[in-house]
Amino acid sequence: MRKITFLLFVCFTVSIIGQDKLTSNVNQYYDGVNWVNNSRLTYIYDANNNLTEEAYFSWNSINATWDLNGRETYTYNNQNKIITDTYEGVDSSGNPEDGFRTNYTYNSNNQIIESIDQEKINNVWVNKYRNTFTYTNNKITGLLSEEWNGSSWVLVTEGSQRDASSRVVVNYGSNNLVSEYTYEKWNGSSWELDGRDTYSYNSNNKVIQNISQDWNGTSYVNNYKAEYTYDANGNLVLEKDFDFDNGAFTNSYEESYAFDTSKLMSSIINPFKDRTGFASLSGENNSFVNKIISSSTGTNDRTIYYYNGATASVEDFASLNFKAYPNPTNGVFTLDTANLEVEKIELFNILGNKVFSTNQKQVDITALSQGFYLLKVQTKEGKIASKRIIKN
């Protein structure tokens, strides 16, 4: 499905006396005998408890050290609204290798009205895409994506080297949460349908199902589905993803979560704050009511969350876990995961929705709109890693 995209993702920490903090998490896989380190995220916050840095590490089993993959840093205005989100990868020497940045602009009501995606080329930040948001009665009702042509922002039509500009129309239900996102593309003179995401909720206004569909010219056809299960406190305890193949939904991925129900997440400094307001549109900003302890994607994979730990030094970190090239891509890119077999590759859009999945190392996302995406990779050995990618 062609959807406007752009990346928002979190993490890193420093202790503040008197209040608990989520300082890191460690992902591990079970090799049949022992739990083995795989990846690590660490979090840093400012004096206002805003997340300011997330660092991504992979475990180097040869040297028994954590190797730095990249950093994502965030800055805020005096209203604690995010104004920049910057990701930079590192090369084998620990130097910045690539860079992507999003700048945010707000209106007088502290609502996002514009975001601009940029790529760092020869140490210069260059405009790529602009997202403009519209509001009705103080609620986001639309999003428009344009491309930078070197001198101005323009709408583009689908062609051999680029995909059409996108527009998202946001509709709400009686619970004031999103009921549907409708995606459109520019054909040169008007907007035409491209697809939609629909949401359904339980009696506590928790999203329980999201169905993604493509428009084939005459009707909507299923593409993807997610289902969510909660405990009595409202914590998300199970998420299931389904791909639509051969006329039926097939379970392709699931993740479960465990909590300490004696403690509220709101009493803990954590990286799950909805910095842009997008997650709150569907109520997904409140999935973790209680203190999260761990998550798992199966019997051989787990992530453990750590609190009040010391911030790790990054002096000794130096290698990249996997590479995706070319990045930016015009549609097809290749993953280098050394000798590890890929189990699943997923891309996520601005709304946090999965818009693409495959298990092939050569990935063709020609059908997706230009923009920033979050690329998540899981190998058959249980290793999980993620990074940003740009679709031109």
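1. Before going on, some housekeeping. This is a predicted model, where local features need pLDDT of at least 70 and side-chain atom pairs count only at pLDDT 80 or more, while totals for chains, interfaces and linings use all residues. Residues are numbered from 1 along each chain as its sequence is written, and side-chain values use heavy atoms, with hydrogens and water left out.

2. Back to Arg130, which sits in strand 8 (residues 124-136). Leaving out residues up to four places away in sequence, Arg130 touches Glu114, Ser115, Ile116, Leu144, Ser145, Glu146 and Trp153. Contact means heavy atoms within 4.5 Å.

3. On the overall fold, I find zero helices and 26 strands in the protein chain. Both are DSSP runs numbered from the N terminus: H or I with at least four residues for helices, E with at least two for strands. Among contacts with a separation of 6 or more, 50% are between residues 24 or more positions apart.

4. Have a look at strand 17 (residues 248-264), which runs antiparallel to strand 16 (residues 236-245) with eight bridges joining them. Pairing needs at least two DSSP bridges between the strands. Lys240 has Glu254 of strand 17 as its bridge partner. Two residues lie between the strands of this hairpin, and Asn246 takes a positive phi near 50° there.

5. Strand 17 also pairs with strand 18 (residues 290-298), again in the antiparallel sense, over six bridges. Here Asp260 stands opposite Lys291 in strand 18.

6. Now the inside. A nonpolar core is a set of buried Ala, Val, Leu, Ile, Met, Phe, Trp, Tyr and Cys residues joined through side-chain atoms within 4.5 Å. The largest has 45 residues, of which Leu22, Val178, Tyr181, Met265, Ile292 and Tyr307 touch the most other members. Strand 15 (residues 220-230) gives the most to this core, with four residues.

7. Which residues does Met265 contact, leaving aside neighbours within four places in sequence? The list is Leu22, Asn270, Phe272, Phe288, Val289, Asn290, Lys291, Ile292 and Tyr307. A second, separate core has 16 residues, including Leu335, Leu347, Val355 and Val377.

How values were computed
Buried means under 20% relative accessible area, exposed over 50%, partly exposed in between (1.4 Å probe, protein chains only).
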